[in-house]
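Hi,

Here is the structure I promised to pass on. Have a look at it first, and my notes follow below.

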Amino acid sequence: MDVKVLLVSAFKELEKKAKGSIKGTELEKVAEVINQFAIYAAVASATALVPGIGSIITVIAQTGLVWGTYLKINKELGISMKDEVLKFIASAMITNMATNLGVYLVLYLGVTVITTLPFAGLLTVSLYAAVGYILIYASAILYFKLLCEVMGAKGNFDLDESDDTKQIIQNVVKKTNLKEIVKEAKDSFDEKKKSGEFDAAMKNPKCPYCGEKIKEGQKFCSKYGNPL
């Protein structure tokens with residue numbers, strides 16, 4: 001399967017469901033948003049090497065980036081949604097992905113065991129990098145599908161922090177072929193790795209929200225104050 005087939009398909013489906021409400025939005029711009037956050041999530045895996053709490057820091061960072069990805073996608077699509085609702089959606093999406101696709105849990109647990117072994121640092125980072133990238137990529141496709149579901153049912157993108165929203169997310173994840181998405185995401189990850197984009201991002205880190213250069217030890221974006 002060609003890389004990005006599922007991503008393009010999910011976006012086109014949303015464009016059709018929206019019936020012109022997001023007309024004119026370029027897929028390339030949305031794809032670049034996903035690419036920026038996925039690469040950032042992969043690069044953030046270096047924190048896994050911090051003794052003791054490194055793995056925890058990495059999981060928290062990558063989880064927060066799912067919310068950031070949704071925030072930026074909404075901006076590109078012109079969709080208005082409260083930050084609290086987006087955080088709620090991101091959390092519910094990750095929970096359902098983990099429940100329906102045990103590979104994420106296996107990888108995270110595997111990393112926990114691996115980190116206790118000698119000379120395991122590079123392998124740990126490599127695993128977290130792959131998981132981080134796949135997490136963002138898969139979450140983005142599922143977000144498009146969620147928006148399609150809501151638009152089809154309500155005729156708008158109105159979502160809230162309710163059990164109804166949780167149920168919609170659960171249904172979307174359940175009826176989606178997650179393994180197929182993971183395969184496409186992994187292919188994309190391998191492409192980026194071969195192209196040297198990860199190495200470039202490590203040497204010249206930038207804020208995924210706005211593209212501002214990040215200095216070593218910086219915790220917030222110097223332009224907009226977004227958490228890094």
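Q36 is partly exposed, with a relative accessible area of 30%; buried here means under 20% relative accessible area, exposed means over 50%, and partly exposed lies in between (1.4 Å probe, protein chains only). Q36 belongs to helix α2, where helices are DSSP runs of H or I with at least four residues, strands are runs of E with at least two, and both are numbered from the N terminus. Leaving out residues up to four places away in sequence, Q36 touches K72 and P208, a contact being heavy atoms within 4.5 Å. The C-alpha atoms of Q36 and I136 are separated by 9.8 Å, although these two are 100 residues apart along the chain.

Before you go further: this is a predicted model, in which local features need pLDDT of at least 70 and side-chain atom pairs count only at pLDDT 80 or more, while totals for chains, interfaces and linings use all residues. Residues are numbered from 1 along each chain as its sequence is written, and side-chain values use heavy atoms, with hydrogens and water left out.

T69 touches V33, F37 and I136, not counting residues up to four places away in sequence. T69 counts as buried because its relative accessibility is 1%.

Now the chain as a whole. There are nine helices and zero strands. Of its 228 residues, 46% count as buried. Among contacts with a separation of 6 or more, 71% are between residues 24 or more positions apart. The chain exposes about 12000 Å², and carbon and sulfur atoms supply 57% of that (Shrake-Rupley method, 1.4 Å probe; for residues, only the protein chains shown count as cover).

Next, the core. The largest nonpolar core has 65 residues, and I73, L77, M81, I89, Y143 and F144 touch the most other members. A nonpolar core here is a set of buried Ala, Val, Leu, Ile, Met, Phe, Trp, Tyr and Cys residues joined through side-chain atoms within 4.5 Å. Elements giving two or more residues to this core include α1 (5-17), α2 (27-43), α3 (54-77) and α7 (163-174). The most comes from α6, with 18 residues. As for Y143, leaving aside neighbours within four places in sequence, its contacts are Y70, I73, N74, M81, L86, I89 and M93.

Helix α4 has 18 residues and reaches 26 Å from its first C-alpha to its last, close to the 26 Å expected at 1.5 Å a residue (the expected span is 1.5 Å times one less than the number of residues).

Last, α8. Its 18 residues (178-195) should span 26 Å at 1.5 Å a residue, and the end C-alpha atoms are 26 Å apart, which agrees. Which residues of α8 are buried? They are L178, I181, V182, E184, A185, S188, F189 and K192. These cover an arc of only 165° around the axis, so they lie on the same side of α8; the arc is that of the directions from the helix axis to the C-beta atoms. On the other side of α8, K179 and K194 are exposed. At the start of α8, a side-chain oxygen of N177 comes to within 3.4 Å of the backbone nitrogen of K179. After α8 comes G196, with a positive phi near 85°.

Cheers

Terms used
Polar contact = N/O pair within 3.5 Å; in protein donor to acceptor, adjacent residues only side chain to side chain.
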